[in-house]
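Trainee: I have a new model open and I'd like to learn how to read it. Could you walk me through it, one feature at a time?

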Amino acid sequence: MGGLEPPKPSYVPAFDRVNYCKLFTKLMSRNIPPKYLRLLLNMYTSSVARVSWNGIFSQSFTVENGVRQGGVVSPVLFSLYIDGLLQRLWDSGVGCFIGSVYVGPLAYADDVALLAPTPSAMRRLLQICENYGK
């Protein structure tokens, strides 16, 4: 193809962005029993992977961050990981309501949808997310 490079993906799944130190700090603050923390820590810090393409395998490499996509516990771990953000959004009271039920952010696994009644309310929710991310 004469030097053409494939486009770089502009989207990196949120599961891949999870920082282990922060995740395990959050789990410890929730008083998860140590034996489960050790199990999870071992699962996530001792992982290796390799790529298979057309029957040929790459060298093994360590997986250094993220939670396993498709893993049974991954949605729960990611929800715990972003719970602080969801709490800040909730505390702001900015967003939509169905009757008296607040539905500003809707989240499951690594998907988060922000609902706002006006553009300025959406900007406020996005500002909260940006500040939390910093």
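Mentor: Exposed is over 50% relative accessible area, buried is under 20%, and partly exposed lies in between (1.4 Å probe, protein chains only). Helices here are DSSP runs of H or I with at least four residues, strands are runs of E with at least two, and both are numbered from the N terminus.

Trainee: What should I know about the model itself?

Mentor: This is a predicted model, where local features need pLDDT of at least 70 and side-chain atom pairs count only at pLDDT 80 or more, while totals for chains, interfaces and linings use all residues. Residues are numbered from 1 along each chain as its sequence is written, and side-chain values use heavy atoms, with hydrogens and water left out.

Trainee: What does the secondary structure of the protein chain come to?

Mentor: Five helices and eight strands. Along the sequence, the pattern reads α-α-β-β-β-β-α-α-β-β-β-β-α. Of the 134 residues in the protein chain, 25% count as buried.

Trainee: Back to α1, then. Which residues of α1 are buried?

Mentor: The general idea comes first: an α-helix has 3.6 residues a turn, so residues three or four places apart point the same way. In this model, the buried residues of α1 are Y20, L23, F24 and L27. They sit on the same side of α1 because they cover an arc of only 90° around the axis. That arc is taken from the directions that run from the helix axis to the C-beta atoms.

Trainee: What covers the buried residues of α1?

Mentor: The cover includes α2 and α3. Contact means heavy atoms within 4.5 Å.

Trainee: How do I read a nonpolar core?

Mentor: In soluble globular proteins, nonpolar side chains tend to be buried together. A nonpolar core is a set of buried Ala, Val, Leu, Ile, Met, Phe, Trp, Tyr and Cys residues joined through side-chain atoms within 4.5 Å. The largest one here has twelve residues: V18, Y20, L23, F24, L27, L37, L40, Y44, L77, F78, Y81 and I82. At least two residues of this core come from each of α1 (20-29), α2 (34-45) and α3 (74-81), and α1 gives the most, with four.

Trainee: Which residues does L27 touch?

Mentor: Leaving out residues up to four places away in sequence, L27 touches I32, L37, L40, L77 and L80. Apart from that core lies another, of eight residues, including L89, V94, Y102 and A121.

Trainee: Now the backbone. Where is N31 found?

Mentor: N31 is in the loop between α1 and α2. Its phi is positive, about 60°, although N31 is not a glycine. With 66% relative accessibility, N31 counts as exposed.

Trainee: What is phi of N54 near?

Mentor: N54 has a positive phi near 55°, and it too is a residue other than glycine. N54 lies in the loop between β2 (52-53) and β3 (56-57), and N54 is exposed, with a relative accessible area of 68%.

Trainee: How do I read two helices that cross?

Mentor: Axes are lines fitted to C-alpha atoms, for helices over the stretch in contact, and angles run from 0 to 180 degrees between N-to-C directions. Here the axes of α4 (residues 83-92) and α5 (residues 119-133) come within 10 Å and cross at roughly 145°. The contact is made by G84, L85, R88, L89 and S92 of α4 with L125, I128, C129, N131 and Y132 of α5.
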